[in-house]
Amino acid sequence: MNMYLYELKAYRNATMIWTASMTGLVLLMMAMYPSFAGDAEAFMDVLASMPESVVQAIGIQIDSIASLLGYYSYIFLYVSLCGAIQAMHLGSSILSKETREKTADFLLAKPVTRGAILISKALAALTLLLATNIVYFGAASLIASSVALEPYDYGAFALISFSLLLLQLIFLAIGIAAAMLLPRMKTVLPVTLGTVFAFFVLTFIGSSSGNGKLRYVTPFHYFDRAYIIQHGSYETGFVAASLVIIAVCLLFGYLRYRSRDVHAV
Amino acid sequence: MNLYRREMRAHLKSLLIWIAGIIAMLAAGMGKFTGMEESGAAMNELMADMPKALQAIMGIGELDIGTPIGYYGVLFLYLLLMAAIHASMLGAAIISKEERDKTAEFLLVKPLSRGRLLLCKLLAALTQVLIFNLVMLTGSILVIGSYTEGESSAGAILSLMAGMLLVQLIFLTVGMAIAGAGRHPKRAVAYSAAVMLLTFLLSMAIKISGHIDYMGVFTPFYYVDAAAVIDQGIGAGYALLSLGITAVALVVLFAGYNRRDMR
């Protein structure tokens with residue numbers, strides 16, 4: 001319990017900054033929605049005069065982008081980028097900082113098992129991410145309903161926003177596993193940014209190829225927002241895939257942390 | 001000179017990983033071009049009429065994605081992002097790691113002025129950034145050359161890479177200045193990453209809104225907009241501005257580091 005509270009306090013400021021910047025990003029982008037929707041409307045008229053085949057190639061996509069949910073799902077990509085960085089950074093730094101700051105032998109000499117240490121740290125990270133998501137979701141709903149020009153599907157909006165939490169959990173688990181794989185991690189941020197941006201760029205490269213097994217490679221593709229808007233649910237296969245990734249990473253982290261050689265100062 | 005060699009060796013592994021990463025990205029990204037080519041012409045006509053915001057959302061802008069160089073321009077934004085991450089991380093880390101690893105004392109008692117120390121580190125970082133850029137340049141020319149028939153687009157790639165170098169210089173020196181002159185060397189890497197991320201998000205916001213172009217001055221990603229650079233090369237104003245930012249960052253770095261208390 002002490003460890004849990006201590007970690008919560010240690011990461012309080014960082015979490016507040018992350019939450020504020022994610023909310024700020026949504027606010028900034030959503031503020032542009034009304035003017036954007038106007039532009040898109042004008043373009044739809046041009047589109048109507050185009051040959052049928054061309055319209056079919058991109059028309060549907062544009063139709064969905066011009067709506068509030070479509071625009072939000074585009075912005076959401078950048079929110080989830082920030083969220084992923086936050087989560088992975090949290091996961092890998094919360095475990096590796098003891099070694100880095102030479103406090104590992106102090107902590108490990110306490111009368112707690114290594115399993116208890118890992119669990120309190122993981123719970124603290126989970127709590128912080130939950131708090132981030134609650135604040136973010138509240139703010140995003142407020143912003144969305146204030147800029148909406150016409151009623152939108154609130155259920156789909158909630159599902160999209162909720163996928164932030166799932167994505168963050170995946171990256172939290174990846175971060176924990178990374179901290180165990182690279183025991184002498186000197187700085188967390190380069191590893192984090194490298195991994196997250198590599199996945200992020202893969203998303204862009206993969207997105208033009210459409211469906212296929214390639215989507216399983218990058219977590220940013222797991223919660224396809226177009227699918228959520230259309231069907232009002234997640235794709236089962238990808239939810240299963242994320243649960244598997246989380247479970248495997250956490251299990252690996254737990255087993256490795258219990259038996260790992262921790263250097264004294 | 002010893003310090004220069006030491007820094008080169010210390011960062012060799014991460015540089016190699018980065019280079020492998022960008023080459024893979026380049027190859028994978030351009031591999032997608034084959035599919036785009038056929039539908040390109042019809043798409044282009046339509047794209048030209050699109051509002052700016054929609055173009056930005058589809059990642060296309062004013063580029064002609066039917067040609068290899070135009071498609072490369074779309075990819076360029078992400079390559080540029082990777083280069084910026086590399087440069088800002090390297091700049092902040094190369095200075096702040098001495099204090100992080102508690103080797104600052106050891107280094108500062110050497111018969112070496114702080115100015116020379118910074119110079120060696122700066123040179124080492126510059127060399128690595130240059131290597132990154134040259135690898136990207138040759139890689140791009142080779143990959144795009146294999147798709148292009150007829151006229152070569154080496155000139156456009158050359159000016160894109162010159163633009164990338166400017167952006168790398170900005171983020172490298174700003175990162176070094178944050179670490180060298182700031183009060184919290186331990187958090188320097190985080191601050192430097194935050195600056196880089198903020199400017200990237202700002203450049204996306206500018207593209208989507210289409211009404212706040214004047215904000216472009218604040219984000220280096222906007223200085224080397226792929227469509228404009230392929231068309232007319234780098235704007236002289238933006239080139240001067242980038243060099244100016246670099247110079248200011250260097251002055252801050254040298255002035256700040258010389259009078260700072262080490263932790």
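**Buried charges and their partners**

Author: Let's start in chain A: Lys121(A) and Glu98(A) are both buried. Keep in mind that this is a predicted model.

Reader: What makes Lys121(A) and Glu98(A) a salt bridge?

Author: The cut-off is 4 Å between a side-chain nitrogen of Lys or Arg and a carboxyl oxygen of Asp or Glu. For Lys121(A) and Glu98(A) the N to O distance is 2.7 Å, so the pair is within the 4 Å limit and gets the name. The two sit in separate helices of chain A: Lys121(A) in α7 (residues 114-147) and Glu98(A) in α5 (residues 68-100), 23 residues apart.

Reader: Which residues are in the salt-bridge network with Glu98(A) and Lys121(A)?

Author: Glu7(A) and Lys97(A) are linked with them in that network.

Reader: Over to chain B. Why is Lys121(B) called buried?

Author: The relative accessible area of Lys121(B) is 1%, and buried means under 20%, so the label applies to Lys121(B).

Reader: And what makes Glu98(B) buried?

Author: Glu98(B) comes in at 10%. That is also under the 20% cut-off, so Glu98(B) counts as buried.

Reader: How do you know that Lys121(B) forms a salt bridge with Glu98(B)?

Author: Their closest N and O atoms are 2.7 Å apart, and the rule asks for within 4 Å, so they qualify. This pair links distant parts of the chain, with Lys121(B) in helix α7 and Glu98(B) in helix α5 (residues 68-100), 23 residues apart.

Reader: What makes Glu7(B) and Lys121(B) a salt bridge?

Author: The N to O distance there is 2.9 Å, and with a limit of 4 Å the pair passes. Glu7(B) lies in helix α1 (residues 2-10) and Lys121(B) in helix α7 (residues 114-147), 114 residues apart in chain B. Both residues are buried.

Reader: Why would such side chains pair up at all?

Author: Opposite charges can pair when the charged atoms come close.

Reader: How many salt bridges are there over all chains?

Author: The count comes to 8.

Reader: Zooming out, how many helices and strands does chain B have?

Author: Chain B has 12 helices and 0 strands. Of its 263 residues, 52% are buried.

Key: Residues numbered from 1 in each chain as written. Chains lettered and ligands numbered in written order. Predicted model: local features only at pLDDT ≥ 70, side-chain atom pairs only at ≥ 80, totals over all residues. Heavy atoms only, no water. Helix = DSSP H or I, 4+ residues; strand = E, 2+ residues; numbered from the N terminus. Buried < 20%, exposed > 50% of the residue type's maximum accessible area, 1.4 Å probe, protein only.
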